[in-house]
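The report below takes up the chain as a whole and then selected sites within it.

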Amino acid sequence: MKIIAMLISLSLLLALGFLYAFYKSVKSGQFDDLESPAMRVLDAKKSKTNNQN
Amino acid sequence: MKSTPLDISLKYKQFDLVENFNQLVDYQNDTIYGVGISLPAIHCSSCIELLEDLPSFYEGIRSAKVNFEQRKCTVTASKELPLSFVAQLLEDLGYPPQISISQKLKEAEKTVNKNNLLKLAVAGFCFGNIMLFSMPHYFGLQVVNDAFFARIFSVLSVMLSLPVVFYAGRDYLNSAYRALAAGKSHLNIPIAIGILSLFGWSLYEIFSGVGIGYLDSLAGLIFFLLIGKWFQHKVYDQVSYTRNVQEFIPLVVRQLVAGETIWSRIDELKKGDQVLIKNEEVIPVNGTLSRGYGVIDYAFITGEALPEQVKEGEQVYAGGCQKAGELVVTLLEEPSIDKLWSTWSSQTSKKAFTDRWTDHISKYFTLAVIVIAVVSAVVWSFSSIEKALFVFSSVLIVACPCALALSAPFTFGNILRVFSRNNFFVKEAEAIATLSRIDHVVLDKTGTITENTAMSVSYIGEELDVATASAVKTIASQSTHPLSNAVSEFLGKYQSLHINSFEEIPGKGIQGEVAGRMIRLGASHWLRDTESKDTAVYVSVDGEVIGHFKISASYRSGLKEVLNRLSKRVRLSILSGDNAGEREALKEIFPNFFQLKFNLTPQQKTVEVGKIQYDQKVLMIGDGLNDSSAIEQGDLGIAITENLNGFYPGSDAVLVSTSFDKLPAFMELAGYSKKVLKWSLVFSLCYNVAGVTFAVLGLLTPIIAAILMPLSSVSVVLLDTLLVRIKSRKLNLI
């Protein structure tokens, strides 16, 4: 049964990791615009020349 | 491609002034600058493609990146390219930019919402995990008997609840504290009491080893509260209410100095200076017209839809928009922006909604809960002090106003979303509560119940044969005068003919020779030597007047139905700044106006609204600047606009004119919100009564609390959302 304690702390650590990733992504502006990236994919010219956008 | 010189419009030129420039740009160094520009016209993926391709067309532009959700483009450009050039370029491409300093201030609010998103994430994360640790309790498992796990679960729950209370729930505690310090009642007070008593009692239970507390309910409560707040911000982001009057008057003008045109700042001008006003530009100062012929649209200031004709030597006023050709204006006074606009922007302060009925309920609610808690504690104290303490805190916990606190934000939040989907943008959720109590609707006429853009034209006189009609259309289409435009549009189906000569006679009309006939279109005093009261364009062929076009503003489609539907709920009045010429036409559309007043100045309108307010709640609906103080005066003010780029001082809500016919449905939905709130109140009271009964009897076991409390929050949220959606569907709003 004691193994559950370890599993729980692992799962909590994992979840904290996700929370931190989410925090990072909000701060870096990934959630500012949820629509244009989807449309940018359709821009034929850009996808040929570079993929940075 | 090399950048080509553009004819840069007056309104953009002011961006190049050093102090404005510094405020507008996001960053700059010696060679480049970056600026975020709102482009409301962005609407599809091709827009993104076009705008982001700008760097390959214009050397000076280093990069362009579109944010579709915010309708914004971030441009990096080299300093050789002035900001006014970038703005003009965007406008020429079909994306008129919205750059302004107050727009910049709104950016700060975006960060607030970013923080709300983070708080929501933290609360959600902790809520989920705390629930996980409380699972054994939900199922009545005996893990609690295993002291080791009970300990671990409890300690972890406490650790997880700390960020929920002190980070995510911080705003609620702070605002409750501020309200208490100011001696005011506020819905956040019972919420704060609930949060603190839940937290305090849970800590006591956990550290004294009595139980595991109610941290799951606590985290859930804050999580749901934050979701409601997030909704509200999303809606608010779509409209800017913060623009102010200065943005509509140019700060830089073309000054004529010894025949040369130079750019000058408006506050550097002196009395007697001459400024050049081009077509479609706003007159920045009061002055006399010294050259050119004015066709000046004062709609923004007086609400008068038809432009005024001004001859040389006559006065023109700041705020008017020139509609035909160039003007030279000589200043009559030294311009002072503050003075110019003081008349109609006197108070555009934010209106506080005084009647938040949830506040009233929360006052009684808080009182009742505390009374019940104290009384039952006193009664229990006769048998055991410890039991009395337990009963006291369990009453506070179980009566926590979760449902009460959640139902208003969720109901209003859902309604806000439905409204904004229908192009009706309400500034604050509380405005919906006010909208539901309105019993008198006051409408402005011009621009509110009439169309701003379309004029209705009718022809009176000898019948026009095809040849004459074509000739008249040909002549009318030569001029940019708004009345000629209206006539040529009215005769749209006729073909244009070859024109032999054409002349525009300022102040009188236009004339030209078509197919050997001399056609004149113009004012009554030119063609008939008499003045006419109506706005009319007379037609003469070879010197003989054959009839006239009567021009009036046309009413919005569906006006009659809107008025009839509204009149079932409220009284209706019209306060207009125009002449009484339309009185009979209005009575024909709707006979039962409570008041029908004309020739009112903006100040008189405000006074009239105030008079009605003695015994009634007034909704004032108007447009633009001339109504702003009346809109401010009303218990609720709605500004009608053709597009969202406009500006609406003093208004609590903005209605896009295409949704005018949905106004009765909006009011009905707002009225329904009262019913929804009542139902959810009854619903949550049932929970509370049941819970408090258990608590008072000292029977509140953790399992009952664990089931009762989350259930009441979730079910109220679901009930509210469902009821609003069903009603909106019935009203064809979704």
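The model is a predicted one. The secondary structure of chain B comes to 25 helices and 26 strands, and of the 734 residues in this chain, 54% count as buried. Among the contacts in chain B that link residues at least 6 apart in sequence, 67% join residues at least 24 apart.

Helix 17 of chain B, which spans residues 466–476, is mostly covered, with 9 of its 11 residues buried. The buried residues are Thr468(B), Ala469(B), Ser470(B), Ala471(B), Val472(B), Lys473(B), Thr474(B), Ile475(B) and Ala476(B). The elements of chain B that cover them include helix 18 (482–490), together with strand 17 (499–505), strand 18 (509–514), strand 19 (517–522), strand 20 (536–541) and strand 21 (544–555).

A helix pair can be considered next. Two packed helices are described by the angle between their axes and the distance between the axes. In chain B, the axes of helix 20 (residues 559–567) and helix 24 (residues 663–696) come within 8 Å and cross at roughly 25°. Because angles under 35 degrees count as roughly parallel, helix 20 of chain B is roughly parallel to helix 24 of chain B. Helix 20 of chain B contributes Val562(B), Arg565(B) and Leu566(B) to the contact, while helix 24 of chain B contributes Leu663(B), Pro664(B), Ala665(B), Met667(B) and Glu668(B). By type, the residues of this contact divide into 6 nonpolar, no polar and 2 charged.

Aromatic side chains form a further topic. Over all chains, a search of the whole structure finds 17 aromatic pairs. One of them is formed by Phe419(B) and Phe424(B), whose ring centres lie 5.0 Å apart and whose planes are at 50°, so the pair is tilted. Phe419(B) is buried, with a relative accessible area of 0%, and Phe424(B) also counts as buried, at 2% relative accessibility. Elsewhere in chain B, Phe127(B), Phe223(B) and Phe224(B) form one aromatic cluster.

Charged side chains also sit over aromatic rings, as the table sets out for Arg556(B) and Lys727(B).

| Charged residue | Ring | Distance from ring centre |
|---|---|---|
| Arg556(B) | Phe660(B) | 5.9 Å |
| Lys727(B) | Tyr672(B) | 5.0 Å |

In the Arg556(B) case, the charged end of the side chain sits over the ring of Phe660(B), and Lys727(B) lies over the face of Tyr672(B).

Definitions and conventions: Residues numbered from 1 in each chain as written. Chains lettered and ligands numbered in written order. Predicted model: local features only at pLDDT ≥ 70, side-chain atom pairs only at ≥ 80, totals over all residues. Heavy atoms only, no water. Axes fitted to C-alpha atoms, helices over the stretch in contact; angles between N-to-C directions. Helix = DSSP H or I, 4+ residues; strand = E, 2+ residues; numbered from the N terminus. Parallel < 35°, antiparallel > 145°, perpendicular 65-115°, else oblique. Contact = heavy atoms within 4.5 Å. Nonpolar A, V, L, I, M, F, W, Y, C, P; charged D, E, K, R; others polar. Phe/Tyr/Trp six-rings, centres within 6.5 Å; stacked < 30°, edge-to-face > 60°. Buried < 20%, exposed > 50% of the residue type's maximum accessible area, 1.4 Å probe, protein only. Lys NZ or Arg CZ within 6 Å of the ring centre and 35° of its normal.
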